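The sequence and model are shown first.

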Amino acid sequence: MTYGQNLRSDPDRLWQSLEEMARIGPGVAGGNNRQALSDADGAARALFRDWCVAAGCTVTVDRMGSMFATRPGTDPEALPVYMGSHLDTQPTGGKYDGVLGVLGGLEVLRLLQAAEVRTRRPIVLVNWTNEEGARFAPAMLASGVFAGRHGLDWAHDRTDAEGRRFGDELARIGWLGEEEVGARRMHAMFELHIEQGPILEAEGLDIGVVTHGQGLRWIECTVSGVESHTGTTPMPMRRDAGRGMARLIELAHEIAMTHQPHAVGAVGHVEVYPNSRNIIPGKAVFTIDFRSHLPEVLAAMEAEFNERAPGLCAEIGTSLATTVVGQFEPPAFDELLVGRVRDAAAQLGYSHRDIVSGAGHDACWINDVAPTAMIFCPCKDGLSHNEAEAITRDWAAAGTDVLLHVVLETAEVVE
(Lines give C-alpha, C1' and ligand atoms only; values in the text may rest on other atoms or scores of the structure.)
Protein backbone atom coordinates (compact mmCIF):
# COMPACT_ATOMS: atom_id res chain seq x y z
CA MET A 1 0.00 0.00 0.00
CA THR A 2 2.42 2.67 -1.15
CA TYR A 3 -0.46 5.20 -1.25
CA GLY A 4 -0.79 5.01 2.51
CA GLN A 5 -2.84 3.12 5.04
CA ASN A 6 -4.30 6.41 6.28
CA LEU A 7 -6.48 6.73 3.18
CA ARG A 8 -9.88 5.74 4.52
CA SER A 9 -13.53 6.12 3.65
CA ASP A 10 -15.75 8.76 5.25
CA PRO A 11 -18.12 6.71 7.46
CA ASP A 12 -20.61 9.54 7.90
CA ARG A 13 -20.85 10.30 4.20
CA LEU A 14 -21.25 6.60 3.37
CA TRP A 15 -23.93 6.13 6.00
CA GLN A 16 -25.81 9.22 4.86
CA SER A 17 -25.83 7.86 1.29
CA LEU A 18 -27.19 4.51 2.49
CA GLU A 19 -29.94 6.24 4.45
CA GLU A 20 -30.86 8.54 1.57
CA MET A 21 -31.08 5.66 -0.89
CA ALA A 22 -33.26 3.73 1.59
CA ARG A 23 -35.90 6.47 1.39
CA ILE A 24 -36.63 5.36 -2.17
CA GLY A 25 -38.99 2.39 -2.21
CA PRO A 26 -39.57 2.09 1.54
CA GLY A 27 -40.93 -1.15 2.92
CA VAL A 28 -43.62 -1.50 5.55
CA ALA A 29 -41.33 -2.48 8.41
CA GLY A 30 -38.22 -0.33 8.06
CA GLY A 31 -36.62 -1.96 5.04
CA ASN A 32 -37.15 -1.58 1.30
CA ASN A 33 -39.42 -2.75 -1.47
CA ARG A 34 -37.49 -1.58 -4.52
CA GLN A 35 -37.95 -4.43 -6.94
CA ALA A 36 -36.24 -4.44 -10.29
CA LEU A 37 -37.73 -2.15 -12.97
CA SER A 38 -40.30 -0.67 -10.61
CA ASP A 39 -40.81 3.08 -10.47
CA ALA A 40 -38.76 3.06 -7.25
CA ASP A 41 -35.92 1.29 -9.05
CA GLY A 42 -36.01 4.00 -11.71
CA ALA A 43 -35.82 6.73 -9.07
CA ALA A 44 -32.93 5.00 -7.30
CA ARG A 45 -31.04 4.78 -10.59
CA ALA A 46 -31.52 8.49 -11.23
CA LEU A 47 -30.14 9.40 -7.81
CA PHE A 48 -27.20 7.04 -8.26
CA ARG A 49 -26.43 8.52 -11.70
CA ASP A 50 -26.47 12.06 -10.30
CA TRP A 51 -24.13 11.08 -7.47
CA CYS A 52 -21.70 9.43 -9.90
CA VAL A 53 -21.66 12.43 -12.24
CA ALA A 54 -20.99 14.70 -9.25
CA ALA A 55 -18.05 12.41 -8.38
CA GLY A 56 -16.48 13.13 -11.78
CA CYS A 57 -17.65 10.03 -13.65
CA THR A 58 -19.36 9.44 -16.96
CA VAL A 59 -22.35 7.09 -16.79
CA THR A 60 -23.48 4.72 -19.54
CA VAL A 61 -26.20 2.06 -19.64
CA ASP A 62 -26.36 -1.24 -21.51
CA ARG A 63 -29.35 -3.02 -23.04
CA MET A 64 -30.04 -4.86 -19.78
CA GLY A 65 -30.15 -1.56 -17.90
CA SER A 66 -26.90 -2.13 -16.03
CA MET A 67 -25.24 1.19 -15.21
CA PHE A 68 -21.50 1.84 -15.55
CA ALA A 69 -19.89 4.91 -13.93
CA THR A 70 -16.34 5.39 -15.25
CA ARG A 71 -13.48 7.28 -13.64
CA PRO A 72 -10.73 7.58 -16.27
CA GLY A 73 -7.20 6.36 -15.76
CA THR A 74 -3.97 7.80 -17.08
CA ASP A 75 -3.56 4.96 -19.59
CA PRO A 76 -6.48 4.97 -22.06
CA GLU A 77 -5.48 1.51 -23.32
CA ALA A 78 -5.52 -0.17 -19.90
CA LEU A 79 -8.42 -2.46 -19.01
CA PRO A 80 -10.55 -1.04 -16.18
CA VAL A 81 -10.97 -2.30 -12.63
CA TYR A 82 -14.64 -2.79 -11.79
CA MET A 83 -16.48 -2.71 -8.49
CA GLY A 84 -20.19 -2.83 -7.70
CA SER A 85 -23.30 -4.81 -6.87
CA HIS A 86 -27.03 -4.01 -7.19
CA LEU A 87 -29.70 -1.54 -6.02
CA ASP A 88 -32.82 -3.69 -6.45
CA THR A 89 -34.30 -5.40 -3.39
CA GLN A 90 -36.64 -8.17 -2.36
CA PRO A 91 -40.32 -7.22 -1.77
CA THR A 92 -39.54 -7.21 1.95
CA GLY A 93 -35.83 -6.53 1.63
CA GLY A 94 -33.25 -4.75 3.74
CA LYS A 95 -31.40 -1.51 3.16
CA TYR A 96 -27.92 -2.99 2.66
CA ASP A 97 -28.11 -6.19 0.59
CA GLY A 98 -26.42 -5.17 -2.67
CA VAL A 99 -26.79 -1.47 -1.89
CA LEU A 100 -23.66 -1.43 0.30
CA GLY A 101 -21.60 -2.73 -2.62
CA VAL A 102 -22.84 0.03 -4.92
CA LEU A 103 -22.68 2.92 -2.46
CA GLY A 104 -19.42 1.67 -0.93
CA GLY A 105 -18.05 1.89 -4.47
CA LEU A 106 -19.48 5.40 -4.76
CA GLU A 107 -17.67 6.36 -1.55
CA VAL A 108 -14.43 5.10 -3.13
CA LEU A 109 -15.02 7.35 -6.16
CA ARG A 110 -15.83 10.35 -3.98
CA LEU A 111 -12.73 9.85 -1.86
CA LEU A 112 -10.45 9.52 -4.89
CA GLN A 113 -11.91 12.65 -6.41
CA ALA A 114 -11.45 14.64 -3.18
CA ALA A 115 -7.88 13.35 -2.66
CA GLU A 116 -7.02 13.80 -6.35
CA VAL A 117 -5.67 10.25 -6.54
CA ARG A 118 -4.79 9.11 -10.06
CA THR A 119 -4.69 5.51 -11.25
CA ARG A 120 -3.22 4.01 -14.40
CA ARG A 121 -6.30 1.91 -15.02
CA PRO A 122 -9.80 3.34 -15.23
CA ILE A 123 -12.13 2.47 -12.35
CA VAL A 124 -15.73 1.55 -13.14
CA LEU A 125 -18.60 1.30 -10.65
CA VAL A 126 -21.51 -0.88 -11.82
CA ASN A 127 -25.12 -1.28 -10.72
CA TRP A 128 -26.23 -4.65 -12.11
CA THR A 129 -29.92 -4.95 -13.04
CA ASN A 130 -32.23 -7.48 -11.37
CA GLU A 131 -29.79 -9.28 -9.12
CA GLU A 132 -32.52 -10.39 -6.74
CA GLY A 133 -34.80 -12.05 -9.29
CA ALA A 134 -37.76 -11.30 -7.02
CA ARG A 135 -39.90 -9.84 -9.80
CA PHE A 136 -38.24 -11.30 -12.89
CA ALA A 137 -36.67 -14.75 -12.52
CA PRO A 138 -33.92 -15.84 -12.52
CA ALA A 139 -31.71 -13.97 -10.11
CA MET A 140 -28.48 -12.27 -11.29
CA LEU A 141 -30.16 -11.80 -14.65
CA ALA A 142 -28.18 -8.90 -16.13
CA SER A 143 -24.79 -10.16 -14.98
CA GLY A 144 -25.80 -13.56 -16.37
CA VAL A 145 -26.42 -12.02 -19.80
CA PHE A 146 -23.14 -10.07 -19.53
CA ALA A 147 -21.26 -13.31 -18.82
CA GLY A 148 -22.99 -15.26 -21.59
CA ARG A 149 -25.07 -17.45 -19.31
CA HIS A 150 -28.32 -16.13 -20.83
CA GLY A 151 -29.31 -14.59 -24.13
CA LEU A 152 -30.44 -10.97 -24.34
CA ASP A 153 -33.73 -11.73 -26.10
CA TRP A 154 -34.50 -14.50 -23.62
CA ALA A 155 -33.86 -12.12 -20.72
CA HIS A 156 -36.02 -9.37 -22.26
CA ASP A 157 -38.86 -11.88 -22.58
CA ARG A 158 -38.92 -12.76 -18.86
CA THR A 159 -42.27 -11.84 -17.33
CA ASP A 160 -43.39 -10.95 -13.82
CA ALA A 161 -46.44 -12.33 -11.99
CA GLU A 162 -48.70 -9.91 -13.87
CA GLY A 163 -47.31 -10.84 -17.29
CA ARG A 164 -45.23 -7.70 -17.82
CA ARG A 165 -42.11 -8.25 -19.98
CA PHE A 166 -38.70 -7.37 -18.63
CA GLY A 167 -37.73 -5.51 -21.80
CA ASP A 168 -40.95 -3.50 -21.83
CA GLU A 169 -40.62 -2.51 -18.18
CA LEU A 170 -36.98 -1.55 -18.65
CA ALA A 171 -38.03 0.81 -21.44
CA ARG A 172 -41.01 2.10 -19.47
CA ILE A 173 -38.88 3.34 -16.56
CA GLY A 174 -36.42 4.90 -19.02
CA TRP A 175 -33.35 2.74 -18.39
CA LEU A 176 -33.09 0.68 -21.58
CA GLY A 177 -29.60 1.56 -22.74
CA GLU A 178 -27.94 1.17 -26.12
CA GLU A 179 -24.61 -0.38 -25.13
CA GLU A 180 -24.13 -3.99 -26.17
CA VAL A 181 -24.28 -6.29 -23.16
CA GLY A 182 -20.98 -8.02 -22.46
CA ALA A 183 -18.96 -5.91 -24.88
CA ARG A 184 -16.90 -4.48 -22.04
CA ARG A 185 -13.61 -6.11 -21.06
CA MET A 186 -12.49 -6.15 -17.44
CA HIS A 187 -9.10 -6.35 -15.80
CA ALA A 188 -10.76 -7.37 -12.53
CA MET A 189 -13.96 -6.96 -10.53
CA PHE A 190 -14.58 -6.63 -6.78
CA GLU A 191 -17.94 -6.90 -5.04
CA LEU A 192 -18.50 -5.69 -1.49
CA HIS A 193 -21.55 -7.26 0.19
CA ILE A 194 -23.05 -7.98 3.56
CA GLU A 195 -22.45 -11.57 4.61
CA GLN A 196 -26.18 -12.51 4.78
CA GLY A 197 -25.17 -15.07 7.39
CA PRO A 198 -24.17 -15.14 11.07
CA ILE A 199 -20.54 -16.27 10.99
CA LEU A 200 -18.61 -12.96 11.04
CA GLU A 201 -20.73 -11.40 13.77
CA ALA A 202 -20.66 -14.56 15.88
CA GLU A 203 -16.86 -14.64 15.71
CA GLY A 204 -16.49 -10.88 16.26
CA LEU A 205 -14.73 -10.32 12.93
CA ASP A 206 -14.71 -7.27 10.68
CA ILE A 207 -14.13 -8.73 7.23
CA GLY A 208 -14.92 -11.92 5.35
CA VAL A 209 -12.43 -12.81 2.62
CA VAL A 210 -14.61 -14.71 0.15
CA THR A 211 -12.70 -17.56 -1.45
CA HIS A 212 -15.56 -19.41 -3.16
CA GLY A 213 -19.24 -19.23 -3.91
CA GLN A 214 -21.43 -22.23 -3.36
CA GLY A 215 -22.62 -24.31 -6.24
CA LEU A 216 -26.11 -25.71 -6.07
CA ARG A 217 -28.43 -28.44 -7.25
CA TRP A 218 -32.17 -27.88 -7.15
CA ILE A 219 -33.79 -31.30 -7.50
CA GLU A 220 -37.55 -31.08 -8.05
CA CYS A 221 -39.22 -34.20 -6.70
CA THR A 222 -42.70 -35.50 -7.50
CA VAL A 223 -43.89 -38.24 -5.15
CA SER A 224 -47.00 -40.02 -6.40
CA GLY A 225 -49.37 -42.06 -4.27
CA VAL A 226 -53.13 -42.49 -4.09
CA GLU A 227 -55.65 -39.93 -2.82
CA SER A 228 -57.98 -41.50 -0.28
CA HIS A 229 -60.08 -40.59 2.75
CA THR A 230 -58.06 -39.93 5.89
CA GLY A 231 -60.77 -41.42 8.12
CA THR A 232 -61.66 -44.59 6.24
CA THR A 233 -58.39 -45.82 4.74
CA PRO A 234 -56.62 -48.34 7.01
CA MET A 235 -53.11 -47.31 7.92
CA PRO A 236 -51.37 -50.35 6.32
CA MET A 237 -53.22 -49.71 3.03
CA ARG A 238 -52.29 -46.08 2.56
CA ARG A 239 -50.08 -44.84 -0.26
CA ASP A 240 -49.39 -41.44 1.22
CA ALA A 241 -47.41 -39.07 -0.99
CA GLY A 242 -47.04 -36.68 1.96
CA ARG A 243 -45.32 -39.38 3.97
CA GLY A 244 -42.98 -40.07 1.05
CA MET A 245 -42.14 -36.37 0.94
CA ALA A 246 -41.41 -36.38 4.66
CA ARG A 247 -39.00 -39.27 4.23
CA LEU A 248 -37.12 -37.44 1.48
CA ILE A 249 -36.94 -34.18 3.42
CA GLU A 250 -35.30 -36.07 6.26
CA LEU A 251 -33.00 -37.81 3.77
CA ALA A 252 -31.86 -34.46 2.37
CA HIS A 253 -31.07 -33.26 5.90
CA GLU A 254 -29.17 -36.47 6.70
CA ILE A 255 -27.09 -36.26 3.51
CA ALA A 256 -26.14 -32.62 4.15
CA MET A 257 -25.20 -33.42 7.75
CA THR A 258 -22.89 -36.24 6.69
CA HIS A 259 -20.94 -33.80 4.51
CA GLN A 260 -20.29 -31.19 7.19
CA PRO A 261 -18.84 -28.59 7.34
CA HIS A 262 -18.86 -28.15 3.58
CA ALA A 263 -22.52 -28.61 2.66
CA VAL A 264 -26.08 -27.52 3.31
CA GLY A 265 -29.39 -28.95 2.22
CA ALA A 266 -33.08 -28.33 2.82
CA VAL A 267 -36.51 -28.12 1.24
CA GLY A 268 -38.11 -24.69 0.91
CA HIS A 269 -40.75 -25.15 -1.80
CA VAL A 270 -43.60 -27.62 -1.19
CA GLU A 271 -46.92 -28.29 -2.92
CA VAL A 272 -49.27 -31.05 -1.77
CA TYR A 273 -52.27 -32.25 -3.77
CA PRO A 274 -55.19 -31.98 -3.35
CA ASN A 275 -54.24 -30.11 -0.16
CA SER A 276 -57.47 -30.92 1.69
CA ARG A 277 -57.71 -31.63 5.41
CA ASN A 278 -59.41 -34.99 5.06
CA ILE A 279 -57.69 -36.41 1.98
CA ILE A 280 -54.44 -38.36 2.07
CA PRO A 281 -52.18 -36.64 -0.48
CA GLY A 282 -51.94 -38.36 -3.82
CA LYS A 283 -49.08 -36.16 -5.02
CA ALA A 284 -46.40 -34.01 -3.44
CA VAL A 285 -44.08 -31.73 -5.39
CA PHE A 286 -41.10 -30.14 -3.65
CA THR A 287 -37.53 -29.05 -4.31
CA ILE A 288 -34.36 -30.27 -2.62
CA ASP A 289 -31.74 -27.50 -2.41
CA PHE A 290 -28.20 -28.90 -2.00
CA ARG A 291 -25.24 -26.48 -1.89
CA SER A 292 -21.48 -26.75 -1.46
CA HIS A 293 -18.40 -24.89 -2.60
CA LEU A 294 -16.68 -28.21 -3.32
CA PRO A 295 -17.70 -29.78 -6.65
CA GLU A 296 -17.02 -33.28 -5.42
CA VAL A 297 -19.26 -32.81 -2.38
CA LEU A 298 -22.07 -31.37 -4.48
CA ALA A 299 -21.86 -34.33 -6.87
CA ALA A 300 -21.72 -36.82 -3.99
CA MET A 301 -24.84 -35.41 -2.34
CA GLU A 302 -26.80 -35.50 -5.58
CA ALA A 303 -25.66 -39.05 -6.30
CA GLU A 304 -26.56 -40.31 -2.81
CA PHE A 305 -30.00 -38.74 -2.97
CA ASN A 306 -30.70 -40.25 -6.39
CA GLU A 307 -29.55 -43.67 -5.16
CA ARG A 308 -31.53 -43.80 -1.91
CA ALA A 309 -34.65 -41.74 -2.51
CA PRO A 310 -36.57 -44.06 -4.91
CA GLY A 311 -36.30 -46.97 -2.47
CA LEU A 312 -37.60 -44.92 0.44
CA CYS A 313 -40.67 -44.07 -1.62
CA ALA A 314 -41.18 -47.60 -2.92
CA GLU A 315 -41.15 -49.02 0.64
CA ILE A 316 -44.43 -47.21 1.37
CA GLY A 317 -46.11 -47.79 -1.97
CA THR A 318 -45.29 -44.48 -3.61
CA SER A 319 -43.19 -43.59 -6.64
CA LEU A 320 -40.69 -40.83 -7.31
CA ALA A 321 -39.81 -38.76 -10.36
CA THR A 322 -37.02 -36.16 -10.21
CA THR A 323 -35.63 -33.45 -12.44
CA VAL A 324 -32.84 -30.94 -11.90
CA VAL A 325 -34.47 -27.50 -12.23
CA GLY A 326 -31.50 -25.37 -11.20
CA GLN A 327 -27.76 -25.87 -11.06
CA PHE A 328 -24.44 -24.14 -11.25
CA GLU A 329 -20.96 -25.21 -10.36
CA PRO A 330 -19.23 -23.56 -7.40
CA PRO A 331 -17.13 -20.57 -8.47
CA ALA A 332 -13.61 -20.25 -7.09
CA PHE A 333 -12.61 -16.59 -6.96
CA ASP A 334 -9.27 -15.42 -8.32
CA GLU A 335 -6.48 -16.37 -5.91
CA LEU A 336 -4.41 -13.25 -6.56
CA LEU A 337 -7.36 -10.91 -5.93
CA VAL A 338 -8.49 -12.91 -2.90
CA GLY A 339 -4.97 -12.59 -1.53
CA ARG A 340 -5.12 -8.82 -2.02
CA VAL A 341 -8.37 -8.65 -0.05
CA ARG A 342 -6.79 -10.68 2.75
CA ASP A 343 -3.64 -8.54 2.79
CA ALA A 344 -5.59 -5.27 2.73
CA ALA A 345 -7.72 -6.33 5.70
CA ALA A 346 -4.59 -7.28 7.65
CA GLN A 347 -2.65 -4.12 6.81
CA LEU A 348 -5.62 -1.92 7.67
CA GLY A 349 -5.90 -3.62 11.05
CA TYR A 350 -9.22 -5.34 10.49
CA SER A 351 -9.88 -8.81 11.89
CA HIS A 352 -10.81 -11.22 9.15
CA ARG A 353 -11.22 -14.81 8.04
CA ASP A 354 -11.68 -16.76 4.82
CA ILE A 355 -15.34 -17.51 4.13
CA VAL A 356 -17.55 -19.14 1.50
CA SER A 357 -20.57 -17.30 0.13
CA GLY A 358 -23.73 -19.29 0.72
CA ALA A 359 -25.76 -17.00 -1.57
CA GLY A 360 -25.41 -16.23 -5.24
CA HIS A 361 -24.05 -12.84 -6.31
CA ASP A 362 -23.34 -11.01 -9.57
CA ALA A 363 -19.65 -11.69 -8.95
CA CYS A 364 -20.35 -15.42 -9.34
CA TRP A 365 -21.33 -14.88 -13.00
CA ILE A 366 -18.69 -12.23 -13.73
CA ASN A 367 -16.14 -14.75 -12.45
CA ASP A 368 -16.72 -16.55 -15.77
CA VAL A 369 -15.28 -13.67 -17.80
CA ALA A 370 -12.85 -11.80 -15.52
CA PRO A 371 -10.77 -12.27 -12.37
CA THR A 372 -13.15 -11.60 -9.49
CA ALA A 373 -13.16 -11.37 -5.69
CA MET A 374 -15.65 -10.51 -2.96
CA ILE A 375 -15.50 -8.76 0.41
CA PHE A 376 -18.01 -9.46 3.18
CA CYS A 377 -18.91 -7.35 6.19
CA PRO A 378 -21.04 -8.72 9.05
CA CYS A 379 -24.78 -8.26 9.36
CA LYS A 380 -26.69 -8.46 12.61
CA ASP A 381 -27.89 -11.96 13.49
CA GLY A 382 -27.06 -13.03 9.94
CA LEU A 383 -30.44 -11.68 8.86
CA SER A 384 -31.01 -10.76 5.21
CA HIS A 385 -33.87 -10.75 2.68
CA ASN A 386 -35.77 -9.31 5.61
CA GLU A 387 -36.74 -5.74 6.48
CA ALA A 388 -34.98 -6.18 9.84
CA GLU A 389 -31.63 -6.58 8.06
CA ALA A 390 -29.06 -4.36 9.82
CA ILE A 391 -25.36 -3.50 9.82
CA THR A 392 -23.32 -0.95 11.75
CA ARG A 393 -21.64 2.16 10.49
CA ASP A 394 -18.25 0.69 11.45
CA TRP A 395 -18.88 -2.54 9.55
CA ALA A 396 -19.86 -0.61 6.43
CA ALA A 397 -16.77 1.60 6.69
CA ALA A 398 -14.41 -1.33 7.22
CA GLY A 399 -15.69 -3.16 4.16
CA THR A 400 -15.43 0.01 2.09
CA ASP A 401 -11.88 0.65 3.32
CA VAL A 402 -10.82 -2.80 2.16
CA LEU A 403 -12.59 -2.25 -1.17
CA LEU A 404 -10.82 1.09 -1.57
CA HIS A 405 -7.37 -0.38 -1.05
CA VAL A 406 -7.75 -3.48 -3.21
CA VAL A 407 -9.17 -1.36 -6.04
CA LEU A 408 -6.30 1.09 -5.77
CA GLU A 409 -3.72 -1.67 -5.70
CA THR A 410 -5.27 -3.33 -8.74
CA ALA A 411 -5.84 -0.08 -10.66
CA GLU A 412 -2.22 0.97 -9.96
CA VAL A 413 -1.88 4.35 -8.28
CA VAL A 414 0.17 6.88 -10.19
CA GLU A 415 2.45 8.61 -7.68
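## Cysteines, aromatic rings and an annotated site

The model is predicted, so local features require pLDDT of at least 70 and side-chain atom pairs count only at pLDDT 80 or more, whereas totals for chains, interfaces and linings use all residues. Residues are numbered from 1 along each chain as its sequence is written, and side-chain values use heavy atoms, with hydrogens and water left out.

**Annotated site.** UniProt, in an unreviewed entry, places the feature "binding site" at Asp97, Glu132 and His385; such annotations may be inferred rather than shown by experiment. These residues span 289 residues in sequence, yet no two of their C-alpha atoms are more than 9.5 Å apart, so they gather at one spot. The lining of the largest cavity includes Asp97, Glu132 and His385 (a cavity is a set of points on a 1 Å grid over the protein atoms alone where a 1.4 Å probe fits but cannot get out; lining residues have an atom within 4 Å of a point). Asp97 lies in the loop between β3 and α3 (99-115) (helices, H or I, of at least four residues and strands, E, of at least two are DSSP runs numbered from the N terminus). Asp97 is buried, with a relative accessible area of 4% (buried means under 20%, exposed over 50%, partly exposed in between, with a 1.4 Å probe and protein chains only). Leaving aside residues up to four places away in sequence, the contacts of Asp97 include Glu132, His193 and His385 (heavy atoms within 4.5 Å).

**Aromatic rings.** The whole structure holds eight aromatic pairs (ring centres of Phe, Tyr and the six-membered ring of Trp within 6.5 Å; planes under 30 degrees apart are stacked, over 60 edge-to-face, the rest tilted).

| Pair | Centre to centre | Angle between planes | Class |
|---|---|---|---|
| Phe68 and Tyr82 | 6.4 Å | 80 degrees | edge-to-face |
| Phe68 and Phe146 | 6.4 Å | 40 degrees | tilted |

Phe68 in strand β2 and Phe146 in helix α4 are 78 residues apart, and both are buried. Ring pairs link Phe68, Tyr82, Trp128 and Phe146 into a cluster. Arg184 lies over the face of Phe68, 4.1 Å from the ring centre (CZ of Arg or NZ of Lys within 6 Å of the centre and within 35 degrees of the ring normal).

**Cysteines.** The structure has zero disulfides (cysteine sulfur atoms within 2.5 Å). The sulfur of Cys221 is 8.0 Å from the closest cysteine sulfur, in Cys313, too far for a bond. For Cys377 the closest is in Cys379, at 7.3 Å, also too far.

Technical notes
1 Å grid on protein atoms, 1.4 Å probe; cavity = no way out; pocket = protein on both sides within 12 Å on 5 of 7 lines; lining within 4 Å.
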